[in-house]
Amino acid sequence: MLPRRFFTVVAVTLWASVAHAHEFWISPEAYVTQKDAKVQAQLRVGEKFGGASYAFNPNRFERFDLVTAERTQPVTGRLGNTPALSMVIADEGLVTIVHETSDNLLTYKGLEKFTKFAKHKDFEWAVQSHVDRGLPTERFTERYRRYAKSLVAVGHGQGADQEVGLKTEIVALNNPYTDPAGTFRVKVLMDGAPRADVQIELFDKAPDGEVEITLHRTDAQGVGSFEVLSGHEYLVDAVALLPLEEGDPATTPAWLSIWASLTFMVP
């Protein structure tokens with residue numbers, strides 16, 4: 001395991017190309033609420049578990065749902081609403097908030113930034129692959145999409161996270177609101193299949209706001225595990241990078257990156 005490093009949370013106010021290099025996650029105002037109370041959550045983009053929030057905007061997402069054991073309920077709101085989610089949930093138990101963005105494009109001016117991204121997210125093979133495919137090394141494009149989930153407890157908070165049919169997603173194998181603190185397990189999926197031996201980036205925010213970042217890997221079944229502590233908030237992040245072959249490489253995106261995230265808190 002890499003040495004543990006500590007960071008202070010800082011606000012990030014950038015979107016567009018800069019946002020690509022940062023995480024996207026769902027940030028509930030409260031992870032535990034009473035039955036029939038409003039569940040509120042921000043959509044955030046940033047780094048080191050700190051970032052700007054974005055308003056409700058259907059033009060920027062393909063899916064925004066609340067998933068319980070009983071039903072899947074679309075999130076509704078008005079354009080510009082902040083927080084992006086503010087709804088009463090009648091069902092008691094574990095609730096999974098699900099958000100899928102629309103596609104975004106990033107243009108790289110050269111290989112340097114792409115190489116930095118590839119190294120950070122454990123895709124160093126992609127740089128040589130880019131060259132071997134004869135792709136432009138200046139002003140080439142990547143398409144990206146984000147798939148975020150968050151776990152909140154309504155009332156007793158009992159239940160289990162589940163697969164919700166995203167292109168890529170992280171499924172919690174523990175319920176942080178009913179299981180004791182200790183070892184927490186997640187499964188990373190793509191097209192419903194486990195992603196074996198891939199990097200998981202874990203952001204651990206302590207009650208005082210200090211953030212610790214560690215790297216982990218999934219096993220052959222796509223399962224990763226790490227220790228969690230009471231009173232801490234967590235962001236789990238896993239990224240996949242896929243080559244795009246169709247079209248003219250001078251005008252068509254060369255790569256597709258898909259980002260999965262999961263947030264929860266241990267009471």
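Here is what to select, stop by stop. This is a predicted model, where local features need pLDDT of at least 70, side-chain atom pairs count only at pLDDT 80 or more, and totals for chains, interfaces and linings use all residues. Residues are numbered from 1 along each chain as its sequence is written, and side-chain values use heavy atoms, with hydrogens and water left out.

Start with the rings. Those of Phe, Tyr and Trp (its six-membered ring) pair if their centres lie within 6.5 Å; planes under 30 degrees apart count as stacked, over 60 as edge-to-face and the rest as tilted. That rule gives 16 aromatic pairs. Select Phe-61 and Phe-64: they are edge-to-face, 5.5 Å centre to centre with 75° between the planes. Both Phe-61 and Phe-64 are buried (under 20% relative accessible area, 1.4 Å probe, protein chains only).

Next, pick Tyr-234 and Phe-264, a stacked pair at 5.4 Å centre to centre and 25° between the planes. Tyr-234 is in strand β18 (residues 233–243) and Phe-264 in strand β19 (residues 255–265), so this pair ties together parts 30 residues apart in sequence. Strands here are DSSP runs (E, at least two residues), numbered from the N terminus.

Now select Tyr-108, Phe-114, Phe-117, Phe-123, Trp-125, Phe-140, Trp-255 and Trp-259: ring pairs link them into a cluster.

Last stop: Lys-205, with its charged end over the ring of Phe-49, 4.6 Å from the centre.

Terms used:
Buried means under 20% relative accessible area, exposed over 50%, partly exposed in between (1.4 Å probe, protein chains only). Helices (H or I, at least four residues) and strands (E, at least two) are DSSP runs, numbered from the N terminus. A charge sits over a ring if NZ of Lys or CZ of Arg is within 6 Å of the ring centre and within 35 degrees of the ring normal.
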